[in-house]
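Subject: Structure handover, cores and salt bridges

Hello,

Here is the structure for you to look over. My notes follow below it.

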Amino acid sequence: MYTTSEYSMKTMGLIANLLCLFLVVDASHENRGGKIDALADKVNLSDNYIVEWRINEKASSVEFKINVMVDDKGWVLLGFMDVPKNQSAAKSKPGSIKDSRGDFVITWPTSAPKERTTVDANTMEKPGELEKDENSTLDYQVTLDQTTTNKSRGLVLKITRKLETGDPQDVPITEQPLWMFGAYGNSDAYLTDLSNVTNIDDTLKVKEVIIMKNSRNKDNGKSFWKDQVEKHWISVVLAVSGILTFVIIGAVYCCFRKGSRDFHGKKVKMNFYKEDEDDEARVAFLQSRT
């Protein structure tokens, strides 16, 4: 059988273990799928072209997820252009590739299963003329995430790039607004070169977006901790409850121990005086016999 103090200590230990286990499970659940921070957003360029993205602050990169309706040999274009600060959005919005001075990635499938050709292009050097980047470094990584089996199908692509590539032919992704370009096209045959990508303006859609929202680490970290509390609110409640429980049980235990020591001290003291009285009685008895 446990004493009251032993039972209290074991209860506190059990609560602490359960709390730690829950925090570990909750943290692993939040980190599932990599170290991508939850700065997610979404824009519908059209009914057939939807873009979602997530910022990976630790890797200083962005991952785009594109849902687009295109056939099994079709091409997909994604691009960006700075919004001029000295003009209103209505006046500066480009209506075609010829109006652009930006950074683009174009991708299409090859005859090999699950393989794609990706071209890093721009209209920076020659505004309005889409050309392949001069350097050999591919700043965009494209992977096929999902398709359907129909000829006219829903295609899901994941496109990843650095926020700041250091390439003058790329548009840096910062907290400033950008024009996002999206286009797609069908084809009866597998494409072999960028020159095969034609009629871009037929499906081209452009919208103003801010890809990188204000960092959560600004304002002395206040917004970061606010986001963490909102994300892990169950853990926070349990942690606070566990701490309060620990403090209350600890206080009760300390009071119990103090009361127990005082009780035993008084008992010993009473026994001590009782023994003295017995000794005096014996001495008086022996003296009376002599």
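Arg161 and Asp103 form a salt bridge, with 3.1 Å between the closest N and O atoms. The term here means a side-chain nitrogen of Lys or Arg within 4 Å of a carboxyl oxygen of Asp or Glu. This pair links distant parts of the chain: Arg161 lies in strand E9 and Asp103 in strand E5 (residues 103-109), 58 residues apart. Both Arg161 and Asp103 are buried. Buried means under 20% relative accessible area, exposed means over 50%, and partly exposed is in between (1.4 Å probe, protein chains only). Strands are DSSP runs of at least two residues (E), numbered from the N terminus.

Before the rest, the ground rules. This is a predicted model: local features need pLDDT of at least 70, side-chain atom pairs count only at pLDDT 80 or more, and totals for chains, interfaces and linings use all residues. Residues are numbered from 1 along each chain as its sequence is written, and side-chain values use heavy atoms, leaving out hydrogens and water.

The salt bridge count comes to four. Another of them joins Asp145 to Lys158, where the closest N and O atoms are 3.8 Å apart. Again distant parts of the chain are linked: Asp145 sits in strand E8 (residues 141-146) and Lys158 in strand E9, 13 residues apart. Asp145 is partly exposed, at 36% relative accessible area. Lys158 is partly exposed too, at 23%.

Arg54 pairs with Glu63, with the closest N and O atoms 3.2 Å apart. Arg54 is partly exposed, at 34% relative accessibility. Glu63 is buried, at 19%.

Now the nonpolar cores. A core is a set of buried Ala, Val, Leu, Ile, Met, Phe, Trp, Tyr and Cys residues joined through side-chain atoms within 4.5 Å. The largest has 30 residues, and Phe64, Met180 and Ile211 have the most contacts inside it. Six strands each supply at least two of its residues: E1 (40-46), E2 (49-56), E3 (61-71), E4 (75-82), E9 (152-162) and E10 (178-185). E3 gives the largest share, five residues.

What does Ile211 touch, leaving aside its neighbours within four places in sequence? Its contacts (heavy atoms within 4.5 Å) are Trp53, Ile55, Val62, Phe64, Phe80, Ile173, Leu178 and Met180. A second, separate core has 19 residues, including Phe104, Trp108, Val119 and Leu204.

Best regards

Terms used
Helix = DSSP H or I, 4+ residues; strand = E, 2+ residues; numbered from the N terminus.
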